Structures are given as C-alpha cells and as structure tokens.
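Open the model in your viewer and keep the selection tool at hand. Each stop names what to pick next and what is there.

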Amino acid sequence: MQMKKLDKGALKLWYIRSGIVSFILLAVFLPAVIFIPEGVARIAVLLSGGIPLLIALAFILVLPYFRYKLYAYGFDEKRIVVEHGVIFRHRITIPVCQIQDLHRFEGPIMMLMKLSGVTISTAGSNFDLACLSKADADAMIEALEGHLEKRVEEKADEEIL
Amino acid sequence: MKKFCKNYLYYHFVADILAVVVFILAFSDALIIENEMEEFVGIRTAAIPWFVLAALAVYGVLILYRVLYLRTAGYMLTEGEIRVTRGVLFRKNSILEYRRMHAINKKQNIIQKLFGLAVLTVDSGSANTSGTAEILIYETEKEVDALLAVLKARKNGEVPAQEESEAPVDEVLTAKGGDLVFSSGKKMIYSLLNIVSAAFSMLVVCFFALVVYVCLIPLLYDLLAGGAFFVLVPALVIALIVLVGISVFTFIVSILQSFIGYYNFRIAKHGTDLEISYGLLTRHTNTFGYNRIQGVVVQQGLIQRIFGYATLRLEVIGYHEGGDEQNNSGSMIGMLLPLCHIREVESILEGILPAYVPEKKQTAAKRYFPFVSWSSLLIGAITALVALLTLSMMHLFSAPARALAIVRLLILLAFAITMAVHLFGAYLSYKNAGIAISEDRITVYGGGYQKRITTILRRSLIAIEDVTTPMRAKAGVYTLILHIRTNAETNEIKVGMLDIASAQKLKDLLPV
C-alpha cells in the first residue's frame, strides 16, 4: 500500500492554529507583566508564568512541523491505514468492510485554505484524517465508497459459499 | 400514536417537589439577615411571600413542561418498527426497526413504583449514540412488561407471546444453589472487601503521612516544643478516628449498594436473550440478545485479588451501570455478577457464555521499563518544574532557610511517594499484561491496581492501532489498541508491550 503525505496546506493550517493559541496565551500573559509594578512581584510573575509559557510555546510552535512530517495515510480495496504521532507513533488499520459512514468536515480556516478532514465512522470508533486537500478528500471518499460496496458484495458471496 | 400514561404526570407532581426543595435551599441565604460578624440576626419576613411565589413559579414551570411533554409524546408499534415522538422545545422522532434493537431496558425507581410507572428504553446498538436512549417510553408497569415481551419476541422475528396461547418461560440462571446466585453471604463479603479496600487505601495514606512527618521532625524541632512524641500521638489518634470513620461510611455505602442496589439480582435466559435485573429503590431490567454481547470482563481490585474474588462485567452496547432515564451512559459497563470466587469464573462462564471463557495467558509483557519510562519522565519533569518555581519564588521573597529546607524536603518526599506508587502500579501492570489468542477469541490481560481480563470474539474487532516509540520499535516492543464494537467510552482495549510476533499474530486476526 502506498502511503501518502498530507497536503502542504495542512502544515500552514496547523501553524496558523498554533499562532492563534500563542497569541491568546501572550495576550493574557504580557499585560499582566506590563501592569505589575517593577520589583519582586514582577519577577515572580515572570518566573511562575514565563517558564511554563515558554515551554508551552516551544511545543506549540515546534510540534506542527514534526506532526506534518510524520503524518501519513493510505488505503486500498481492503483497508485504510493512518500513521500519526510525534513521540508515540500510532499506526491504525481500519478494514474497509467496517466503515459505517464517511464524513467530510471543514472549519472556517480550512474552508479558506480549501482543505477538508475526513471522519471514518465505524461501529466502534470514529477515526479522523486531518487536513487533506478538498480534491483528495472527495477522491478518497468516492474510492472508499466503491471499495466498501465491492467488499460488502464479496463478503456476502463468502457467506453464501 | 399511543400517548404515554398519565402516571408520568402524577409521578412528577411528587418528584419535582424535590427540585423545588433544592431551589429553596440554594436561595435560602437571601432570607437570612446577618450582622457584620456574619451572625444570624433574623429573617426577612417581607421577602417570604416573594420567595414562596418564586418557588411556586419554578414548580409551575416544571409541571407545565411535564404536561406539554405528555401531550406531545407518544409511541407506536408497527409491523416492522417502533416509532416514538417526544420533546417539547426540540422534538425528536425516533424510528427503530425491531431487528436493529439491541438492549431493551426497564427502569423503575421507588417513587415510580408507588405510582405504578415504569420506563422502557431501547438502544439501537450504535456505538456513537449509546450514551442516550433512542427509544424511551413512560408507561404503566403492566404495560411496560407487556411491551418488553412483545419487543423481545419481535426482535427475534417471532410472533409476540400474547398472540400465542402461552408465554415463553424464562430459565432462571440464578436459581438457588448455583454459582450465579448473589446471596446474602456474598453481599456481606462484597461489602467487607469494599471496607478493607477503603481501609487499606487510608492506611497507605497514613503510612506516607507518617514518613513525611518523621522526615520533618528534625526541621520542626523548635516548633515541637513538647517533643515529637507529644505531637505524634494525637496525630495518630486523629488518623485512627478518620480511618474508622471512613471505614464505617464505606461499610454503610457498601451494604446499601450490595443489599439495595443489587436486591433480588436475577439472571434469566429467555430464548436467545439474556435478562439481568436487580435493584430495590431503582429496579433495572436489562434484556439483550446473546449475539449482542461483545465481551466479558473479569475485574479484580487489589484486595479482591488477595482474597481470590472477582467481578464479572459485560460489554454490550447500551447496557451500563448508573445513568438516568434519559441517559444510558453510566460510570461502568454492564454488570454480569457483582462478586464470585475467581475459581468459579470458568464454570460460571462455561454455563452461561461458553464462548467467552478466558484462555490462559500465552504471552506476557516483554519488558518492565516501557511501563515506567515515559510516565516517570513526566512525573520527574513536573516535579522539577514545581521545585524550580516554588524554590525560586521563596528565594525571591527571602524566605527563611528553614522554610526552604522544609519545602525542599516536602517536594522530594512527594516525588518519592508518587514514584513509589507509580512504580508499584507499573510493576502490577507488567505482571498482569499479556494475551491469549485463539482462532476466534482474544483474551487480553491488563490493568495495574485493578486487574482486568477481557475476552472478546474476533468478530468484535473493528480496527487495530499500533502504538510505539522509535526506541521501543528498535527493541521489538509493541503496544496495540484494539478498537471493538461497543460503547464509545469502553471501545478501546490496550494490550501492553508485546513482542513483534504476538503483535503480528494479533494484527492478522483483524477481519478485513
């Protein structure tokens, strides 16, 4: 099975999201530092808030790159495989015959960037494929619908035999 | 459409008074006059009529809602499906084919029993909507029993019993003398085990508190003017009183849970269905087909394990313990048997669900280190951050040297205790972890302080998730997450630290 990378727009989208979160964190933290008079209290706030904030920002800004680099997905007639995770590497195998329904989802920024996510619903869990290009998402859904129909027919034949 | 019975309204005339009482208690502060020292001075008598009016208004709104609900709700049994309409502001029309019905549950609490009311809920088996009842009917108890019989029959494609000459007979599996009986003796043991568990937890806490105290004695020497002994004794007495108090409280709760919560625990076989009923204040009657069962879980807490007891639970979509009328999702998956001896597990399951008898562990966890590596790193990092921030703050505010030493020691002890609890838990997880694979059955051994043996059939597997880190992959250690066809909260079973051969064997079982 050939594994595909996500659309490059996914990386941009994740950086935009990280930027928004970082902006909110800084918008809360910086005024608190500015308005506290100089002295021990300001140093205390800088230390207690600044260190965790720096650690959080480092993660927020670095993670998208590795997340994008290590994300891959692929599918064939029988199964869908999704690989993701930075420290803990996850590889999920979903049999096509277990698909209950397929959803395409888009948030406001995703719409602007012409990206789509695909949710694969099974009888047990939902699996999300993050940030494909709209064309890829449509093609994937269409292909999976075809594979599913074929697998259902094959399964029915197997049961009869 | 047949309307819900009027007893629903009479029941809420009484039950909603409780909501009004809560309202009164929540706002009762507004009636009390206090002085500057926050002492009671009097009651605002002028506000009482308004207060009564507000309480009546709340009661009125609730009753109005119930009246509208009753007027708009209804149900209908057609040839192939059941239809229910309900909701006042948001109307919900549910249509469920009989053949898609999963778990059929009857619930009745003590006030509902007084009014002869019962609640019937039917679950469609969709894992994503298993939290809420798709079909919910309020009817008289007699009518709900009749509906239960009709739905059970229609689910299996049979002609409903009342249309035949005689009703099918249930085979009661909890008949006297069997392993499945949750007798008074077992209820007492169940309660005692709960008390011992609570007391044991408290003893562990006391032990660690004592360790902390002893370590701090040299630093608190000046403060302990009468000597450490005179402080230690009252502290131990207080700890003992707390321990006894908690044990008594646990005992009362356990007795109530085992004798009232599991009152008249009954398992019956009804053709291809299993019926489990229990409870005095709230009576639960859960019915589902054998083919709807997705797994059996044998649970053992630490104390249960020491005394050789276990709890048996069932993985069935829509069958939970807890939850209310509208909401099926409870805190735990469905109960099969609250307590049995571990030796009896095999014979019980042989008799009732032979396909789910756990198999002996074939493969154990490969290494201990992966169970502790990342979690220990996380605990260490958090402790280091807390220590760094706290101590630098104290330095900044020129805290005395002794206070600094105490805090430093406390952080160190907290870290040591957390690590001790964590390492022991991880050791138990390492010892428990394992798997047994046969052609159509998978038995997963897992859990730390709470041991779990989960047996599922191959057909329940939906997907397999392989989780590893580069180092674990290099060492050939894999963790697999099995996604199974069951409730959204419990549909993942983790199989820890397998070798590559077992991981591959398990992956090959996934039906594609």
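Predicted model: local features only at pLDDT ≥ 70, side-chain atom pairs only at ≥ 80, totals over all residues.

Two strands pair if DSSP finds at least two bridges between them.

**Stop 1: chain B as a whole**

Select chain B. The C-alpha trace spans about 85 × 80 × 45 Å along its principal axes. Chain B holds 12 helices and 24 strands. Of its 512 residues, 31% count as buried. Now take contacts in chain B between residues at least 6 apart in sequence: 60% of them join residues at least 24 apart.

Color chain B by domain. Domain 1 covers 2-72, and domain 2 is made of 77-175 + 263-352. Domain 3 is 184-261. Domain 4 takes 358-365 + 433-508, and domain 5 is 369-430.

**Stop 2: domain 1 against domain 2**

Keep domains 1 and 2 of chain B on screen. Here 12 residues of domain 1 are in contact with 15 residues of domain 2. Which elements of chain B give two or more residues to the domain 1 side? They are helix H1 (7-27) and helix H2 (48-72) of chain B. H1(B) gives the most, with six residues. By class, the domain 1 side has 10 nonpolar residues, two polar and no charged.

**Stop 3: an open sheet in chain B**

Select S1, S4, S5 and S6 of chain B. These four strands form an open sheet in the order S1-S4-S5-S6, with antiparallel pairing. Strand S1 (2-3) and strand S6 (92-97) of chain B are at the edges, each with a single partner strand, so one side of each has no neighbour in the sheet.

Zoom in on S4 (residues 74-77) and S5 (residues 81-86) of chain B. Four bridges join these antiparallel strands. Pick Leu77(B): Ile82(B) in S5(B) stands opposite.

**Stop 4**

Select strand S12 (residues 273-278) of chain B. Is S12(B) mostly covered or mostly open? S12(B) is mostly covered, with five of its six residues buried.

S11(B) and S12(B) pair in the antiparallel sense over five bridges. His270(B) has Asp273(B) in S12(B) as its bridge partner. The two strands form a hairpin with two residues between them.

Which residue of S13(B) stands opposite Ile276(B)? Asn286(B) does. This hairpin has three residues between the strands, and Gly279(B) takes a positive phi near 110 degrees.

**Stop 4: the hairpin of chain A**

Move to chain A. Select strand S2 (residues 79-84) and S3(A). They pair in the antiparallel sense over six bridges. Pick Ile80(A), whose bridge partner in S3(A) is Ile94(A). S2(A) and S3(A) form a hairpin with four residues between them. In the turn, Gly85(A) has a positive phi of about 105 degrees.

**Stop 5: chain A meets chain B**

Show both chains. How many residues does each chain bring to the contact? Chain B brings 24 residues and chain A brings 25. On the chain B side, helix H9 (369-396), strand S22 (461-468) and strand S23 (477-484) each supply at least two residues. S22(B) gives the most, with seven residues. By class, the chain B side has 13 nonpolar, seven polar and four charged residues.

Arg91(A) stands opposite Asp466(B). Arg89(A) stands opposite Thr468(B).

**Stop 6: the helix pair across the chains**

Finish with helix H2 (residues 40-70) of chain A and H9(B). They pack at an angle of about 175 degrees, with their axes 10 Å apart. Angles over 145 degrees count as roughly antiparallel, so H2(A) is roughly antiparallel to H9(B).

Display the side chains in contact. From H2(A), pick Val40(A), Ile43(A), Ala44(A), Leu47(A), Ser48(A) and Ile51(A). From H9(B), pick Leu389(B), Ser392(B), Met393(B) and Leu396(B). This contact has eight nonpolar residues, two polar and no charged.

Terms used: Residues numbered from 1 in each chain as written. Chains lettered and ligands numbered in written order. Contact = placed C-beta atoms within 7 Å. Nonpolar A, V, L, I, M, F, W, Y, C, P; charged D, E, K, R; others polar. Domains from an automatic or database assignment. Axes fitted to C-alpha atoms, helices over the stretch in contact; angles between N-to-C directions. Parallel < 35°, antiparallel > 145°, perpendicular 65-115°, else oblique. Buried ≥ 20, exposed ≤ 12 C-beta atoms within 10 Å, placed from the backbone.
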